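I opened this notebook to keep a record of what I looked up in one structure, entry by entry. Each entry begins from something I wanted to know and ends with what I found.

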Amino acid sequence: MGIYVNPGQDAFAISANSEIYVDKTGLLAFTNSRLGQEKRFLCVSRPRRFGKSMAANMLCAYYGKGCNSEALFWPLAIAGNESFQRHLNQYDVLFLNMQQFLRGAGTPEYLVSYTESQVLKELQETFGHILTEPILNLPLALATIYAKTKTDKKGFVIIIDEWDCIFREAKEDHRSQEKYLDFLRDLLKDRTYVKLAYMTGILPIKKYGTHSALNIFDEFSMTDADILADYVGFTKEEVEELCARYGQDFEEARRWYDGYRFKENRHIYNPKSIADAMYSKRFKSYWASTETYEALKVYIDMNYDGLKDAIVTMLGDGNCRIDTGAFQNDMTNFNGKDDVLTLLVHLGYLAYDEERQEAFIPNEEVRAEFLRAIKRSGWNRVVELIERSEELLQATWDQEEEIVAKEIDRVHLENTSILSYNNENSLSCILSLAYYSARKEYTILREFPTGKGFADLIFLPCKESAKPAMVVELKWNQTAQGAVRQIKERKYVDALKEYKGNVLLVGINYDKHSKKHTCKIEKRELI
């Protein structure tokens, strides 16, 4: 076993033998289908804490020669696939963790030379009977090994973990970045010794002029996971099973860690946070263990037209339409708010609905990071609004209609400079912000389908809460009483069929001429 050449199964065995392990070996059936094909180049990008390195270690353990991994994989899903035995431990694996190489090189300019020198040294030890003369070029060494292995020309499976670290840690060093891209292109493009190339990172492949030769790769990212969506994180079914095993509330797990969406409406959960929550038996933000709000603060403070408006809209449970196509797949070249928001999607701070082309804050864990960031960014009006939200919530519970209306007036007047206010949707965003503290007691649902239409806002109490459920209907230039009447006529309360207890029917109207809100609150009991 080597460090870079056929590193073995030990790293993956640690994951597979852990108390919490979710079987993702179905990915191997997909990579097996690409072996030796034109489309054998795969780049899988996803945020930190989403299992990139575990997947890379899994591929090393499965494909690599020199170890017998059958016992490790036999209990797992891949063992039932017809391709399992055919490719098990049949290839020489070259595993390159670029984060480790960057640290070893000391500076980005030496990344390529350091990587080649270290890997060539190990190749010489492993294939000394073939590499009888010194070779200073890694592609030439691999081509020589492949050409002279006459009886077993299976080629190399090349796995590159953290492929994009130089773009994240040496953001301005364009010369070293170009040199690195040239290295990858020479290593992979048109090389018959490559049986499979699998790259992982946070960013998709860099768009870099003539260096776009890496377009040989099929990319699977947070904006388009395609067929690999189920391998981005934990699925709904996997989280339900974990919650049942550990005696945890699935609805709370969903509220805290769900939210990443892909085609066919898959629900994908943050795997590291789910595992931490199961171990600690506490639902909270675990993001700070690998990221800090300072990383987010840098981007939301950028001075692009519409960026602050978009962030406030998403804090208010709204969606923001974005164009992801112009993003240059790095952390420095931004031409507007869409580029910034696209980066936040790849970093995991935002989720993306590919069909609607909209970004949004996925869950309570990430929302907590946004709140930490804006508190340090001088967003005083938004912060004050959130901090005073408990007063509004208490007035609603007490059915103090005039106080509720006046508080929403204040929210409106103080925040129109931040968020445009011209329809029911913008009113809904303001209301979601105004009731921010309600998240401690409720799951808040926007435009929830029920009865004969969609309720604007539903506040569903958490299981431990003794507070009343709330159904909120918003009107623009009509009447608050008419809003309550619509809740009744369209049977919006049917959305609470599993709930027993008091329900507040809340109608809120904004009169664009008087620029005032009115409120009507009625109480019902579900038995």
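**Entry 1: the second largest pocket**

Which helices each supply at least two residues of the lining of the second largest pocket? I found that α1 (10-16), α3 (52-63) and α13 (271-280) each do so, and I noted beside this that the model is a predicted one. Of these, α3 gives the most to the lining, with six residues. The volume of this pocket comes to about 690 Å³, and 30 residues line it, with R49, F50, G51, M54 and P271 lying nearest its centre. When I sorted the lining of this pocket by class, I had 14 nonpolar, eight polar and eight charged residues.

**Entry 2: the chain as a whole**

I then stepped back to the overall picture, where I counted 22 helices and 16 strands in the chain. Taken along the principal axes, the C-alpha atoms fill a box of roughly 90 × 45 × 35 Å. The chain has 527 residues, and 58% of them count as buried. For the contacts with a separation of 6 or more, I noted that 69% are accounted for by residues 24 or more positions apart.

**Entry 3: nonpolar cores**

Which members of the largest nonpolar core touch the most other members? I listed L123, W163, Y180, L188, F217, L341 and F370, out of the 122 residues that this core holds. Apart from it lies another core, of 34 residues, and among them I found L35, L42, F73 and Y198.

**Entry 4: the largest cavity and D226**

About 30 Å³ of space lies in the largest cavity, whose lining is made up of D224, A225, D226, F262, K263 and E354. By class, that lining has two nonpolar, no polar and four charged residues.

I stayed with D226, which lies in the loop between β5 (218-220) and β6 (234-235). Is D226 buried, exposed or partly exposed? It counts as partly exposed, because its relative accessibility is 47% and that class runs between 20% and 50%. The phi of D226 is near 55°, a positive value in a residue other than glycine. I wrote next to this that most residues other than glycine have a negative phi.

I placed N329 in the loop between β9 (320-321) and α16 (337-346). With a relative accessible area of 8%, N329 is buried, whereas D226 is partly exposed at 47%.

**Entry 5: cysteines**

How many disulfides does the count come to? The count comes to zero. I checked C67 in particular: the nearest cysteine sulfur is that of C60, 9.7 Å away, so C67 is in no disulfide, given that the rule asks for sulfur atoms within 2.5 Å. C67 is buried, since its relative accessible area is 17% and the limit is under 20%. C320 also counts as buried, at 10% relative accessibility.

E70 has its place in helix α4 (residues 70-73), and at 29% relative accessibility E70 counts as partly exposed. Not counting residues up to four places away in sequence, E70 touches Q85, L88 and N89. I also noted the C-alpha separation of E70 and Q85, which is 8.4 Å for two residues 15 apart along the chain.

I408 is found in helix α20 (residues 401-415), and its relative accessible area of 1% makes I408 buried. With the same exclusion of residues up to four places away in sequence, I recorded that I408 touches L392, L431, I508 and H517. The C-alpha atoms of I408 and A395, 13 residues apart along the chain, are separated by 11 Å.

Conventions
Residues numbered from 1 in each chain as written. Predicted model: local features only at pLDDT ≥ 70, side-chain atom pairs only at ≥ 80, totals over all residues. Heavy atoms only, no water. Helix = DSSP H or I, 4+ residues; strand = E, 2+ residues; numbered from the N terminus. Buried < 20%, exposed > 50% of the residue type's maximum accessible area, 1.4 Å probe, protein only. Contact = heavy atoms within 4.5 Å. 1 Å grid on protein atoms, 1.4 Å probe; cavity = no way out; pocket = protein on both sides within 12 Å on 5 of 7 lines; lining within 4 Å. Points joined across faces, edges and corners; volume = space filled by probe spheres on them. Nonpolar A, V, L, I, M, F, W, Y, C, P; charged D, E, K, R; others polar. Core = buried A, V, L, I, M, F, W, Y, C linked by side-chain atoms within 4.5 Å.
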